[in-house]
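Hi everyone, thanks for making the time. Let me put the model up on the screen and then walk you through it piece by piece.

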Amino acid sequence: MRVAINAWCLMSPHTGVASYTRNLVLALNELGGAETLLFYGFSWSRALRDAPVPGIDSVRAVAKRLLPNPYALNRALQQIGFSLGRNRLKPELYHEPSFLPLRFPGPIVVTVHDLSPIRYPETHPESRVRAIRKYLPAAVEQAAQIIVDSDFIKKEVVDYFRIDAAKVHAIHLGVGKAYAPRRNDEIAPVLARYELTTRGYIFAVGTLEPRKNLMQAINAHAELPERVRRSTPLVIAGMKGWLARELEARIRVAEERGEVRWLGYVPPGALPALYSGARLFVYPSIYEGFGLPVLEAMASG
């Protein structure tokens, strides 16, 4: 079976949905029986990208500032590239792993990871909320089958959109083999790169944005005795998101005191060592469809 998969998320630094998409493609290829045809925004390939496009987030930021309704324009351009490739490659099934499918004449499978833009719209940019509200109802209605990450989100989707529960499937996320307890000598090179020591830090993973609630983690850490704050700093791995100015300012003050470290975006290859080396993991997110970092941390010991 020829399966079209929208791999646009792999063009950016990998976060949750990108990790989901990449590992899904790897697993499908390993199982056999399906030929994965990957759509990268404006072009198609059978090859799975190993790295994001350098500077793509900067280009997107400029486009958002300069173009009127950049999301609609980007979606329209993607639809052209998607349709041209679809006519040539003739996929039999289309899987959209990130909420909002493009137009496709055959059966569509959609993954809905959560309903946070609907349940907590204040934690997302207005453009994302508008897009979800505009396109997701039709996507849910048109999808032949819907995948969600947990029974909780299945109930959210069925209740909110009033659709048949039989076409919504809770398929729990798995954890990659790289996430496992590791010996000190295995993780030492990665920890040294970030000037960290084994069991010498509290670890948090998440984009700097309201929904991840990292300010709460910083506030909680600040309640610890000073000697503990300095000997076991809070280390945050995650790229800058939106509405993060206040959080960044708070991080800078705590960094100057040696109590918090913001690593920025951490490549997937380094994360298993950082999980394994941490004294403990903290994940104060307001709302999640699954919360994959919790599973990764548990698997890492």
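Predicted model: local features only at pLDDT ≥ 70, side-chain atom pairs only at ≥ 80, totals over all residues.

Let's start where β1, helix α1 (residues 16-31) and β2 come together as a right-handed β-α-β unit. Right-handed here means that, with the strands pointing away from the viewer, the path from the first strand over the helix to the second runs clockwise. Residues are numbered from 1 along each chain as its sequence is written, and side-chain values use heavy atoms, with hydrogens and water left out.

Back to that unit. Strand β1 (residues 2-6) runs parallel to β2, and 5 bridges join them; two strands pair if DSSP finds at least two bridges between them. Within that pairing, Val-3 sits opposite Thr-36 of β2. How much of strand β2 (residues 35-39) is buried? The count is 4 of its 5 residues, so β2 is largely enclosed by the rest of the structure. For the cut-offs, buried is under 20% relative accessible area, exposed is over 50%, and partly exposed lies in between, using a 1.4 Å probe and protein chains only.

On to the next neighbour. Strand β3 (residues 44-45) is antiparallel to β2, with 2 bridges between them, and Leu-38 has Ser-45 in β3 as its bridge partner. The hairpin of β2 and β3 has 4 residues between the strands, and there Gly-41 takes a positive phi near 90 degrees.

Now let's zoom out to the sheet. It is an open one of 7 strands with mixed pairing, in the order β3-β2-β1-β4-β5-β6-β7. At the edges stand β3 and β7 (168-170), each with a single partner strand, so one side of each has no neighbour in the sheet. As a reminder, strands of a sheet pair through backbone hydrogen bonds, either parallel or antiparallel.

What about the chain as a whole? The protein chain has 12 helices and 11 strands, and 47% of its 301 residues count as buried. Its radius of gyration is 20 Å, which agrees with the value near 19 Å that a compact globule of 301 residues would have. That radius is taken over C-alpha atoms, and the globule rule is 2.2 Å times the number of residues to the power 0.38. Along the principal axes, the C-alpha atoms fill a box of roughly 60 × 40 × 40 Å.

Next stop, strand β9 (residues 234-237). Both of its faces are covered: Leu-234 and Ile-236 on one side, Val-235 and Ala-237 on the other, all buried. β9 pairs in the parallel sense with strand β8 (residues 202-205) over 4 bridges, where Ile-202 stands opposite Leu-234. It is also parallel to strand β10 (residues 260-264), again through 4 bridges, and there Val-235 faces Arg-261.

Is Glu-248 buried or exposed? Glu-248 is buried, because its relative accessible area is 14%. Glu-248 and Met-215 are 33 residues apart in sequence and 9.5 Å apart in space, C-alpha to C-alpha.

A search of the whole structure finds 1 cavity of 30 Å³ or more, and the largest cavity has a volume of about 40 Å³. α8 (214-222) and α10 (245-256) are the elements giving two or more residues to its lining, with α8 giving the most, 3 residues. Grid points are joined across faces, edges and corners, and a volume is the space filled by probe spheres set on the points. The lining of the largest cavity includes His-221, Arg-250 and Glu-259.

Terms used: 1 Å grid on protein atoms, 1.4 Å probe; cavity = no way out; pocket = protein on both sides within 12 Å on 5 of 7 lines; lining within 4 Å.
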